[in-house]
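Thanks for asking me to look this one over.

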Amino acid sequence: MVYPAGWSVLPRLIVKRERWPGGYRVRGVPLVYRGQEVVPDQPVLRLTASSRKIEQEGRAQGTPSSPGLSSDIPAGLHGRVVGFTSRGGVVIESHAAVIQGALGAGKQVAGVLTMWQPHNQYAYVQAIPPGAILIVPGPLTFSLLHQALNSGVVGVIASSVALRDLEGFLRADYLHLLKLTALEQALEQLPPLTLMLTEGIGSSNMPVHTMNLLTHYQGSIGLLSGTTSLTHNYFPELVISIPLAEIDKEWQAVRPDSTLALGAQVRVCGGARNGAVGMIDYFYSYEQVFASGLRARAARLRLDDGSFSTVPLTLIERIC
């Protein structure tokens, strides 16, 4: 697939992100000033529901309305406040690592990156800390999604999921969600669990380079957005502020180059070798014929396991 920033994993980048947890009938009141340095767990805005929304929720729940209903939203990033949006969102500039997903769903959330440890009959069942962003290296299942939701997890990052399980959990037609124009209203109807899939629909595992970066930053606070829209060209992403100890005078942002060239590290993003990582070893001068009968321009890859594979150029993405 084509990622907005060029690569699916960007280990060093300077980003500007609006901290806005979603809500089309709420307003944010900034708790910080322009130029202020903030840390991930620091409240940066107070989200206040409109009086009309509070009254509606009160009637629906059979409880009296509370005009003072509000919640404080943490930054999710370490960086500098560079601006504010008309709805009260806070724009933060940060040195960060970014992982872009193929598909997702849900509002923007912040939480501690926590690795999921699958259990068996001889091991204990992992206690999932509430408020965490859970990292699942393999495919999601319907039961795991509900376990995460019931545990108070705010987000899940996984490789893939079966379409039936995803739509069953969201209680919605996913293709319909991708084409909606009223995104904020749609988000209000989804379960309170943000999802990001690095590979999309199916049963693929997470690529090694993606997993390595997530493992490196486990225990850190990440800012996760699951919003995916074909109409607005939005894709899910995880933003992790780089610790100050890793930023030195020689630090430079990585500038993505998606050009396919000899020696470039690439990942196969479709077909029988989907997910395989290797280096471009040779470009064929003429179209190659594949087992499916397809004729296409292709390259020969030297894969990480030492083997060689001929892959259509349309199924290759550069990763570094």
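1. Ser94 is buried, with a relative accessible area of 2%; buried means under 20%, exposed over 50% and partly exposed in between, using a 1.4 Å probe on protein chains only. Ser94 belongs to strand β7, residues 90-100. Helices (H or I, at least four residues) and strands (E, at least two) are DSSP runs numbered from the N terminus.

2. A note on the source: this is a predicted model, in which local features need pLDDT of at least 70, side-chain atom pairs count only at pLDDT 80 or more, and totals for chains, interfaces and linings use all residues. Residues are numbered from 1 along each chain as its sequence is written, and side-chain values use heavy atoms, with hydrogens and water left out.

3. What does the side chain of Ser94 join in a polar contact? Its partner is the side chain of Ser241, at 2.8 Å. Such a contact is a pair of N or O atoms within 3.5 Å; within protein, one must be able to donate a hydrogen and the other to accept it, and residues adjacent in sequence count only if both atoms are side-chain atoms. Leaving aside neighbours within four places in sequence, Ser94 also has Leu13, Ile14, Val15, Leu77, His78 and Gly79 among its contacts (heavy atoms within 4.5 Å).

4. Now the cores. The largest nonpolar core has 26 residues, of which Val136, Leu140, Val156, Leu170 and Leu193 touch the most other members. A nonpolar core is a set of buried Ala, Val, Leu, Ile, Met, Phe, Trp, Tyr and Cys residues joined through side-chain atoms within 4.5 Å. Elements that each supply at least two of its residues include β10 (132-136), α2 (142-150), β11 (155-161) and β12 (194-201). Apart from this core lies another, of 21 residues, with Leu13, Val32, Val38 and Leu77 among them. In soluble globular proteins, nonpolar side chains tend to be buried together.

5. Not counting residues up to four places away in sequence, Leu193 touches Ala105, Leu145, Ala148, Leu149, Val153, Val154, Gly155, Val156 and Phe169.

6. For the whole protein, 46% of the 320 residues count as buried. The secondary structure comes to 6 helices and 21 strands. Of the contacts with a separation of 6 or more, 65% are between residues 24 or more positions apart.
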